[in-house]
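I opened this entry to keep a record of what I looked up, element by element, before doing anything else with the coordinates. The notes follow the order in which I asked.

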Amino acid sequence: MISAIYDRRSIRKFLPRPLAESDIIDILQSGIVAPSSKNRQPWKYIVAQGAAKDEALQAFYKGISREEKQTALLPQSRQYLESAKRTVAIMAEAPVIIFVENTLGKNILAEFTPEEHINEICNIQSISAAIENMLLTAVDKGIGGLWIGDIFFAYPELCAWLHSDGQLIAALAFGYPAESPPARPRKKLADVVVWRN
């Protein structure tokens, strides 16, 4: 698994080849066994393929259109709408999209008490560990993946399509890679680590 950590890349081009259901299940199972704060296991996964994926992408386009023309949830981020459109095109190419929800999460516009805020942070840490497990399992199987945060440009539309009773955290695109991107630059150890003895 160490090699999967170093070999993992964000894949944005996929081959038109379906994934085996057994591989999708293995990816999901690796998310389920991730560590979670107080063992709350706050995750839920919605797997979209075929016509269901097309419906999700239509909801995404609808959200982008609203962000451009009407009331924007993210008015300060309009400069990234072109990137969000490219993300939808990437998702269209991937055979499998997995939406990840925080089943214990509050609405993203809700007010939080300090305790609720801490719980929210801990639950999102747990879900992030699950997502990383899933991405690394995919790499181990020769499957490419992309962790997608642009969903927030279509947050209400995607939540409505999902009939969500939780808080949408991310989407993941999976498929066989049609590219082999080089490693992106990373900060050096000395730039990010402080040793205290």
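**Entry 1: Asn123**

I began with Asn123, which is buried, at a relative accessible area of 3%. The model I am reading is a predicted one, and I kept that in mind throughout. Asn123 has its place in helix H5, and when I set aside residues up to four places away in sequence, I found it touching Arg40, Pro42, Asn102 and Leu104. With Arg40 there is also a polar contact between the two side chains, at 2.8 Å.

**Entry 2: the loop between H2 and S1**

I next went through the loop between H2 and S1 and looked up two of its residues, Asn39 and Gln41. The phi of Asn39 is near 55°, a positive value in a residue other than glycine, and the phi of Gln41, likewise positive in a residue that is not glycine, is near 45°. Are they buried or exposed? Asn39 counts as exposed because its relative accessibility is 54% and the cut-off for that class is over 50%, whereas Gln41, at 37%, counts as partly exposed.

**Entry 3: H2 against H5**

I then asked at what angle helix H2 (residues 21-32) and helix H5 (residues 114-140) pack. The angle is about 145°, and the axes of H2 and H5 are 7 Å apart. H2 and H5 make their contact through Asp26, Ile27, Leu28, Ser30 and Gly31 on the H2 side, and through Ala130, Asn133, Met134, Thr137 and Ala138 on the H5 side. Sorted by class, the residues in this contact of H2 with H5 are five nonpolar, four polar and one charged. As for handedness, I noted that the crossing in which H2 passes H5 is right-handed.

**Entry 4: the sheet**

In what order do the four strands of the open sheet stand? I read the order as S1-S2-S4-S3, with antiparallel pairing. Strand S1 (43-48) and strand S3 (144-148) are at the edges and have a single partner strand each, so one side of each lacks a neighbour in the sheet. From one strand to the next, the twist averages 20°.

I followed the pairing of S3 with strand S4 (residues 167-175) in more detail: the two run antiparallel and are joined by five bridges. Within S4, Leu172 is the bridge partner of Trp147, and Phe174 is that of Gly145. Although S3 is an edge strand, I found it mostly covered, with four of its five residues buried.

**Entry 5: helices on the sheet**

Which strands does H5 touch where it packs on the sheet? H5 touches S1, strand S2 (96-102), S3 and S4, and its direction makes about 5° with that of S4. Helix H6 (residues 155-162) also packs on the sheet, where it touches S1, S2 and S4, and the direction of H6 makes about 80° with that of S4.

I listed the buried residues of H6 as Tyr155, Glu157, Leu158, Cys159 and Leu162. These buried residues pack against S1, S2 and S4, and also against helix H3 (50-69). In reading that list I recalled that an α-helix has 3.6 residues a turn, so residues three or four places apart point the same way. After H6 comes His163, for which I noted a positive phi, near 55°.

**Entry 6: Thr87 in H4**

I turned to Thr87, which lies in helix H4 (residues 81-93). Thr87 is buried, because its relative accessible area is 9% and the buried class takes in values under 20%. Leaving aside its neighbours within four places in sequence, I found Thr87 in contact with Ile148 and Asp150; Ile148 belongs to the stretch 144-148 given for strand S3.

Ala190 counts as exposed, with a relative accessibility of 70%.

Definitions and conventions:
Residues numbered from 1 in each chain as written. Heavy atoms only, no water. Axes fitted to C-alpha atoms, helices over the stretch in contact; angles between N-to-C directions. Left-handed = near helix turned anticlockwise from the far one by under 90°. Contact = heavy atoms within 4.5 Å. Nonpolar A, V, L, I, M, F, W, Y, C, P; charged D, E, K, R; others polar. Pairing = 2+ DSSP bridges. Buried < 20%, exposed > 50% of the residue type's maximum accessible area, 1.4 Å probe, protein only. Polar contact = N/O pair within 3.5 Å; in protein donor to acceptor, adjacent residues only side chain to side chain.
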